[in-house]
Amino acid sequence: MPIYEFKCQACDHCFEKLVFVSEDEPVRCPKCNNADVKKQVSCASFIGASGLSRCAPGSRKGFS
Ligand SMILES: [Zn+2]
């Protein structure tokens, strides 16, 4: 089962979601319920965005 990483365009929240082939529902941000999300290869490459809670723990330096 493929697990994709998504990033919410509204609040920059990164999350993973199981996506089934038969599933045709729009992916929504679990944080703000926004459907405007982008599929990511890896959330780790988006360090610096605000709201990251678990995608890049301990990797946020230089950002306030
Ligand atoms: Zn969101």
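Me: Which loop holds Asn 33?
Reply: Asn 33 has a positive phi of about 65° although it is not a glycine. As for its place, strands (E, DSSP runs of at least two residues) and helices (H or I, at least four) are numbered from the N terminus. On that numbering, Asn 33 sits in the loop between E2 and strand E3 (37–40).

Me: Before going on, what kind of model is this?
Reply: Residues are numbered from 1 along each chain as its sequence is written, and side-chain values use heavy atoms, with hydrogens and water left out. Local features need pLDDT of at least 70, side-chain atom pairs count only at pLDDT 80 or more, totals for chains, interfaces and linings use all residues, and the model is predicted.

Me: What pattern does the protein follow along the sequence?
Reply: The protein has zero helices and three strands. Read from one end of the sequence to the other, that gives β-β-β.

Me: In what order do the strands lie in the sheet?
Reply: Two strands pair if DSSP finds at least two bridges between them, and E1 and E3 pair in the antiparallel sense over four bridges. E2 and E3 stand at the edges with a single partner strand each, so one side of each has no neighbour in the sheet. The sheet is open and its pairing antiparallel, in the order E2-E1-E3.

Me: Which residue is the bridge partner of Cys 8 in E3?
Reply: Cys 8 counts as buried because its relative accessibility is 0%; buried means under 20% relative accessible area, exposed over 50%, and partly exposed in between (1.4 Å probe, protein chains only). Contact means heavy atoms within 4.5 Å, and beyond its neighbours within four places in sequence, Cys 8 touches residues including His 13, Asn 34 and Val 37. The bridge partner in E3 is Val 37.

Me: Which residues make up the largest nonpolar core?
Reply: A nonpolar core is a set of buried Ala, Val, Leu, Ile, Met, Phe, Trp, Tyr and Cys residues joined through side-chain atoms within 4.5 Å. Of the 64 residues of the protein, 23% count as buried. The largest core has six residues: Phe 6, Cys 8, Phe 15, Val 27, Cys 29 and Val 37.

Me: What is the arrangement of the four donor atoms around the zinc ion?
Reply: Donors are N, O and S atoms within 2.8 Å of the metal (3.2 Å for Na, K and Ca), and water is not among the atoms, so sites may look incomplete. Here the protein donors are Cys 8 (SG), Cys 11 (SG), Cys 29 (SG) and Cys 32 (SG), lying 2.3 to 2.4 Å from the zinc ion. Four donors count as tetrahedral if all angles lie between 85 and 135 degrees. The angles are 103 to 116°, which makes the arrangement tetrahedral.

Me: How are the donor residues spaced in sequence?
Reply: One of the donors, Cys 11, counts as partly exposed because its relative accessibility is 21%. Written along the sequence, the spacing of the donor residues is C-x2-C-x17-C-x2-C.

Me: How far apart in space are Asp 36 and Lys 7?
Reply: Asp 36 lies in the loop between E2 and E3 and is partly exposed, with a relative accessible area of 46%. Leaving aside neighbours within four places, Asp 36 is in contact with Lys 7, Cys 8, Gln 9 and Ala 10. Asp 36 and Lys 7 are 29 residues apart in sequence, and their C-alpha to C-alpha separation is 8.7 Å.

Conventions. Four donors count as tetrahedral if all angles lie between 85 and 135 degrees; four count as square planar and six as octahedral if opposite donors are over 155 degrees apart and all others between 65 and 115; anything else is irregular.
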